Amino acid sequence: MKDDDVQDADRKIHPTPQLDQLEDGPWPSFVTGLKRLRDEGAPNNQKMMNDLLGQLNHSYENRTGYWKGGTVSVFGYGGGIIPRFSEVADKFPESKEFHTLRVMPPAGYHYTTDILRQLCDIWERHGSGLVAFHGQSGDIMFQGCTSENTQKAFDEFNEIGFDLGGAGPALRTSMSCVGHARCEQSCYDEVRAHRSIINKLLDEMHRPALPYKFKFKFSGCANDCVNAIHRADFAVIGTWRDDIKIDQEKVKEHIKEKGRRYTTDTVLKMCPTRAISLNDDDTLEIDNKSCVRCMHCINVMTKALSPGDDRGVSIMIGGKRALKIGDLMGIMIKPFMKLETDEDFEELEDFAERVVEFFADNALEHERVGETIDRIGLPAFLEALEIDVDPNMVNHPRTSCYVRTDDFDEEAAKWFERKAAEKSAGAAAE
Ligand code: SF4
């Protein structure tokens, strides 16, 4: 099929001069992908893609978007479908309805090729054939479905074990890194934590009733491969509290191969707290009290260094992208928590549930939990969740504890006194 205005047996290929420019250059282009579907996809996919490309080019010409939302859902669900209706359906009828199904991926993104084929086959039958693994939200984005086919596609996905994800003011689809199945730095069972929390709170995902979106993300270590700290309202990130493990023989091998200068420049000098020193005999020493578990040295000397054995998680609350008060990183709320036994996982689920309940009860419309904390103050948040103030609740490692560590007891006592005084003053006023 050619790109020019050729009359096909039953349709015409829309010319796309504006879009064609997006294929220039060395980088991959989504336009090339759309054209491939238009030219080589299943017959119903080809028609839809042709009109989609036509509408997109029309948008570029007029600098106007022509999609509007609406309401489309499947039985029993209040979210998970992103409806899109075209405002130029008379010109591009095949893509007049182009809804997206957000489908939850398996925790850790572990698929078999067989499952991937089944997913693609279902989407070829009922949708446009266009799939994004994975969208910003972490979902598999099945893009381009008519209202009529939405239920059919969902039923088939459901039959092979997949479920819709979150959209709107609801618990959103969660993400976890590839984790302990394939990564030696993993500090806990991310897949289990991910699944148990989402399964426990699934109603909040399928029946949107929260003030705004709420996201959980799970990273196995501080490399934070799913960007939990700045994109999740509730970030669970693996860490350890004993000493970094050092294999001195591997350290020597590393230095023999790369040189002392290289090791000094790329490891010692890059340690944010200067906790590492190199001995004359090419062995390493780490001042573990100063180490902030940033993972840098472990990433560079993967064979020689590894996380300690006393592993667990840190929980940060309130990370998000720009909205009312700008970007926020998660605030350290639980500096360390073991996550090994059934009881540990139950404790995590229970804590997650309490945070979501707090959010549901206290957040304003269209407000993320980080903004709620900013509005009401961290002490009120900690008090509501019955979390004791801990000097490890830091904003930035070693520089900005919420409570000064040298006289923590005194500071904490003052804080409790203040709260008690406020409470009794409030009671007296009533
Ligand atoms: Fe330094 Fe980070 Fe290595 Fe700790 S993990 S010793 S802070 S580089």
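1. Helix H9, which covers residues 248-258, packs with helix H10, residues 260-268, at an angle of about 110°, and the axes of the two helices are 7 Å apart. The model under discussion is a predicted one. Because angles of 65 to 115 degrees count as roughly perpendicular, H9 and H10 are described as roughly perpendicular to each other. On the H9 side the contact is made by His254, Ile255 and Lys258, which meet Arg260, Tyr262 and Thr263 in H10. Sorted by class, this contact of H9 with H10 holds two nonpolar, two polar and two charged residues.

2. Turning to the sheet, five strands form an open arrangement in the order S7-S8-S9-S14-S15, and their pairing is mixed. The edges are strand S7 (175-176) and strand S15 (331-337), each of which pairs on one side only. Within the sheet, strand S8 (residues 216-219) and strand S9 (residues 234-240) pair in the parallel sense over four bridges, and Phe216 has Phe234 in S9 as its bridge partner. Helix H12 (residues 342-362) packs on the sheet, where it touches S8, S9, strand S14 (311-317) and S15, and the direction of H12 makes about 165° with that of S15.

3. Lys320 deserves a separate comment. Lys320 lies in the loop between S14 and S15, and with a relative accessible area of 1% this lysine is buried. Leaving aside residues up to four places away in sequence, Lys320 touches His230, Ile325, Gly326, Asp327, Leu328, Arg368 and Glu371. As for Ala170, which is 150 residues apart from Lys320 along the chain, the C-alpha atoms of the two residues are separated by 15 Å.

4. The last point concerns the cysteines: how many disulfides does the structure hold? The structure holds zero disulfides. In the case of Cys187, the closest cysteine sulfur is in Cys221, and because the sulfur atoms are 6.4 Å apart, they are too far from each other for a bond. Cys221 is likewise in no disulfide, and the cysteine sulfur nearest to that of Cys221 belongs to Cys183, 5.7 Å away. For comparison, the cut-off for a disulfide is a pair of cysteine sulfur atoms within 2.5 Å. Cys187 counts as buried at 6% relative accessibility, and Cys221 counts as buried at 7%.

Definitions and conventions: Residues are numbered from 1 along each chain as its sequence is written. This is a predicted model: local features need pLDDT of at least 70, side-chain atom pairs count only at pLDDT 80 or more; totals for chains, interfaces and linings use all residues. Side-chain values use heavy atoms; hydrogens and water are left out. Buried means under 20% relative accessible area, exposed over 50%, partly exposed in between (1.4 Å probe, protein chains only). Axes are lines fitted to C-alpha atoms, for helices over the stretch in contact, and angles run from 0 to 180 degrees between N-to-C directions. Angles under 35 degrees count as roughly parallel, over 145 as roughly antiparallel, 65 to 115 as roughly perpendicular and the rest as oblique. Contact means heavy atoms within 4.5 Å. Ala, Val, Leu, Ile, Met, Phe, Trp, Tyr, Cys and Pro count as nonpolar, Asp, Glu, Lys and Arg as charged, and the others, Gly among them, as polar. Two strands pair if DSSP finds at least two bridges between them.
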